[in-house]
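Me: Please help me learn to read a structure, one feature after another.

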Amino acid sequence: MRRKSQIRAGFVELPLFLLIFGIFCASMIIPAFFAVVTRDHLASRAFFYSCLLGMVVFMLIGIAHSGRKTRHGALGPLLSLFSSFLLLPALLAIPFLEALPTTRFINAYFDMVSAITTTGASMFEDPGRLSDTLHLWRAQVGWMGGLLMWIAASAILAPLHLGGFEVTSQAEPGNPDARRNTTAPINPRLRLLRTAAALAPTYLALTLLLWLLLLANGDRSLVALCHAMSVMATSGISPLGGTHDTGVGFGAEIVMMMFMLFSLSRLTFSKDTITATQGGLRTDPEFRMGLALIIGVPVILFARHFLGAFDVAASAEGQETFGALWGAMFTVTSFLTTTGFVSASWGEAQSWSGLDTPGLILMGLALIGGGVATTAGGVKLLRVFALYRNGARELERLVYPNSVSGAGVVGRRLQSNGAFIAWIFFMLFAMSLAGVTLLLTFVGAPFEEALVMSVAALTTTGPLIEFAADAPISLIQLSDTAKMILCGAMVLGRLETLAIIALLTPDLWRA
C-alpha cells in the first residue's frame with residue numbers, strides 16, 4: 001500500500017507536459033488495434049511502434065525526473081498547455097505520416113494541430129485518401145484535445161481567471177485570487193488530476209451514449225464513433241467529409257443537435273460557476289442567449305422568404321418547408337457551438353431564404369462561439385452577454401441619468417468590470433483576426449480566402465473553410481508559410497489571446 005502511494009506521488013510530481021505526452025502516446029494503441037482488425041498492417045505497425053517509442057521516452061524521462069522537485073510559477077500549467085497544443089502535434093504526426101507516406105510532414109503536422117485544437121480543418125479534400133484508421137486517429141485526437149481543454153478550463157484557466165472566467169471574477173486576468181487562503185496552496189498538477197478524475201468519466205459516458213444513439217439511427221460503427229467524438233469535442237471531424245450529402249439520417253441529426261447543447265453552457269454538466277447560484281439553466285445567460293440564436297436566426301432566414309426574398313427561384317416554392325427550417329436550425333446550432341457540421345437539408349434552407357452564400361452568417365455565429373469552460377471556441381456567449389448588459393445599462397442611463405441598477409452584485413459586475421474585460425478581449429480578438437488576415441495576404445492568399453481562414457482558425461471552426469466562401473478553399477495548395485501561420489492561429493484561438501499575454505508577464509513566474 002505504501003509502495004502504491006509512493007508511485008502515485010511520484011506520478012503527480014512529473015511535469016504536466018510529460019503527463020500529457022504519455023497519455024497521448026498510450027492512446028496510439030487504440031488505432032493500432034483497430035488497424036489490426038481492419039487488416040491495415042501499414043497503419044498498425046506505424047501506430048504500434050510510435051506508441052512503443054513514445055512510452056519508452058516517457059518512462060526514461062520519468063525515471064530521470066524522479067526525486068526532483070519541479071519548480072514552477074503560477075503560470076507553469078498554462079505553459080504546459082500551450083506546449084501541448086504547439087509541440088505535441090509533431091509527435092502525433094509521426095504515425096500519421098508513416099501510415100500515409102504520400103504526404104509531407106508539414107501537412108500531417110497541420111492536420112494534427114487542427115485536430116488537437118478541435119478546429120477540424122482537413123488538409124485532405126478527398127476523405128477517401130485516408131484509411132479508416134487515420135480517420136479514427138483524427139477524430140480521437142480531436143476528442144482528446146476537447147477533453148484536455150475541458151479539464152484545463154476548470155483546473156488551469158479558472159484559478160487564473162482566464163478563458164471567460166475573468167468576466168465574472170473580481171481578480172485580474174492571469175492572477176490567482178488574492179483573497180483566497182494561500183497558506184497551503186494546492187499543487188496545480190494534483191488539482192488537474194482531480195478535475196480529470198471528475199470530468200473524464202462524464203465526457204466518456206456522454207460520448208458512448210451518443211455513439212450508441214447514432215448506431216441506433218443506422219450509422220456505421222466507425223462513422224457513428226467519429227461523429228460522436230467530434231460532436232462532444234466540437235471538432236467537426238468526419239470520415240465522410242461532413243454530415244451533408246452523406247446519408248446521415250434525420251434522426252442522427254436530432255441526436256447530434258441535442259448533444260451540441262452541452263457546448264452552450266457549462267451548467268449543462270456542472271454547477272461550479274458563479275451563474276450556477278442564479279437559478280441554473282433556466283436563468284443562465286449563456287444558455288438562454290444560445291437558444292435565442294438557435295431559434296431566432298432560422299426563423300429570420302425562414303421568414304425572409306415571405307418578407308423580402310422576391311428573387312427566390314420558383315422551384316423553391318415547392319420544397320419541404322420543414323426540411324428548410326430544420327436544416328437552418330441544425331446548421332446554426334452546429335456553427336454556434338463551433339462544431340461545423342452542416343445539415344443534409346441546408347441546401348433547402350439556402351434556397352428557401354434566397355441566400356446563395358450565407359457565409360457571413362456562419363462566420364458571425366462562429367465568432368460568437370459557445371459557453372465558457374466548454375469545448376467550443378469563439379468569443380464566448382458570456383462575454384457577448386456582458387457587452388449587451390453594459391450597452392443596455394448605458395442606454396438606460398441616457399434616459400434616466402440618476403438611475404441605480406437593480407441587477408444585483410453579479411449583474412453590476414457584468415455591467416462594469418466584466419464588460420470592460422470582455423471589451424478588451426474583443427479588441428484583442430479583432431486585432432488577432434486582422435493580424436492573421438494580413439499575414440496570410442502577405443504570403444499570397446486572396447483577401448476573402450484569408451479572412452475566412454483567419455476566422456476559421458481563431459474560432460476553431462475548420463468547416464468554415466469549406467462552407468463560408470463562394471467555393472471550398474484548398475488548404476493543401478497553400479504555401480508552407482501560410483500553413484504555419486494557420487497553425488499558430490489555431491493555437492492562439494484555442495488558448496485565447498489573454499492567456500498568451502499572461503504567459504508573457506514575467507512577474508507572475510516568480511509566484
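Me: How exposed is Leu52, and what does that word mean here?

Reply: Buried means under 20% relative accessible area, exposed over 50%, and partly exposed in between, with a 1.4 Å probe and protein chains only. Leu52 has 48% relative accessibility, so Leu52 counts as partly exposed. Its place is in helix H4 (residues 41-65), where helices are DSSP runs of H or I with at least four residues, numbered from the N terminus. Please keep in mind that this is a predicted model, in which local features need pLDDT of at least 70, side-chain atom pairs count only at pLDDT 80 or more, and totals for chains, interfaces and linings use all residues. Residues are numbered from 1 along each chain as its sequence is written, and side-chain values use heavy atoms, with hydrogens and water left out.

Me: How many residues of H7 are buried?

Reply: In H7, 25 of the 26 residues are buried, so this helix is largely enclosed by the rest of the structure. H7 also has a kink of about 30°, centred on Ile151, the bend at a residue being the angle between axes fitted to the seven residues ending there and the seven starting there.

Me: What kind of aromatic pair do Phe425 and Phe429 form?

Reply: Rings of Phe, Tyr and Trp (its six-membered ring) pair if their centres lie within 6.5 Å, and planes under 30 degrees apart count as stacked, over 60 as edge-to-face and the rest as tilted. Phe425 and Phe429 both lie in helix H16 (residues 408-442), four residues apart, about one turn of the helix. Their pair is tilted, at 6.2 Å centre to centre with 35° between the planes, and both Phe425 and Phe429 are buried.

Methods: Helix = DSSP H or I, 4+ residues; strand = E, 2+ residues; numbered from the N terminus.
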